[in-house]
Amino acid sequence: SLLPGQSVTIEIPLAKGWNFISLPLIVDDPAISAVFSSIAGKYDQVCRYNPAAKKFEYFVANNPEYTQFTNLETAKGYQVIVSSECILRITGRIPNTNYTSSLLTGWQMLGYPSKNRTKVSDAFSNLVKGTNYDRISRYDKSTNTFVDLTPADYLEPGVSYFIREPK
């Protein structure tokens with residue numbers, strides 16, 4: 001059994017085009033170039049949603065003029081565009097399972113900080129549906145649609161989810 005603080009490597013399969021991912025581990029170097037070193041030359045952009053500003057922000061490889069952030073944060077959601085199918089390998093430490101993220105009103109992109117898949121009901125046991133959030137969705141690349149999750153569904157490590165705080 002893996003314990004918080006233990007070092008592990010996870011693999012996140014990426015399809016050509018946009019992929020919705022998250023950083024499920026605590027990494028020594030959160031710079032995008034370090035986290036994505038296993039796919040160097042295959043990614044063009046990384047974007048994140050800033051819920052406070054209600055806008056997307058971008059990292060554009062080899063074009064600092066358009067880059068608005070350079071580091072990734074554990075348990076935040078991101079979109080990355082890759083030029084071909086590849087495997088993103090991330091090595092880091094397993095976060096404390098009590099990790100919580102403060103939610104702002106509206107939509108935000110989050111990941112679940114774990115090496116293991118976790119039921120939605122367990123992952124968000126400290127949040128009340130209808131009060132703290134009203135929707136959790138993931139993007140299904142095979143159908144190009146957003147799919148709402150139920151409490152019985154699972155959150156997967158390395159996947160980005162959209163959660164909406166209704167207030």
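## Aromatic pairs

Rings of Phe, Tyr and Trp count as a pair if their centres lie within 6.5 Å. In this predicted model, the structure holds 10 aromatic pairs. One of them joins Phe 146 and Phe 162, with 5.2 Å from centre to centre and 85 degrees between the planes. Because planes over 60 degrees apart count as edge-to-face, this pair is edge-to-face.

The pair links distant parts of the chain: Phe 146 belongs to strand S10 (residues 145-148) and Phe 162 to strand S12 (residues 161-165), 16 residues apart. Phe 162 is buried, at a relative accessible area of 12%, whereas Phe 146 is partly exposed, at 46%.

## The four-stranded sheet

An open sheet is formed by four strands in the order S2-S5-S3-S4, with antiparallel pairing. Strand S2 (17-22) and S4 stand at the edges with a single partner strand each, so one side of each has no neighbour in the sheet. From one strand to the next, the twist averages 25 degrees.

Strands S3 (residues 43-50) and S4 (residues 55-60) run antiparallel and are joined by six bridges. Tyr 49 has Phe 56 in S4 as its bridge partner, and Val 46 stands opposite Phe 59 in S4. Four residues lie between the two strands of this hairpin, where Lys 54 takes a positive phi near 55 degrees.

## Charges over rings

Arg 48 lies over the face of Phe 69, 4.1 Å from the ring centre. The charged end of Arg 117 sits over the ring of Tyr 154, at 3.9 Å from its centre.

How values were computed
Residues are numbered from 1 along each chain as its sequence is written. This is a predicted model: local features need pLDDT of at least 70, side-chain atom pairs count only at pLDDT 80 or more; totals for chains, interfaces and linings use all residues. Side-chain values use heavy atoms; hydrogens and water are left out. Two strands pair if DSSP finds at least two bridges between them. Axes are lines fitted to C-alpha atoms, for helices over the stretch in contact, and angles run from 0 to 180 degrees between N-to-C directions. Rings of Phe, Tyr and Trp (its six-membered ring) pair if their centres lie within 6.5 Å; planes under 30 degrees apart count as stacked, over 60 as edge-to-face and the rest as tilted. Buried means under 20% relative accessible area, exposed over 50%, partly exposed in between (1.4 Å probe, protein chains only). A charge sits over a ring if NZ of Lys or CZ of Arg is within 6 Å of the ring centre and within 35 degrees of the ring normal.
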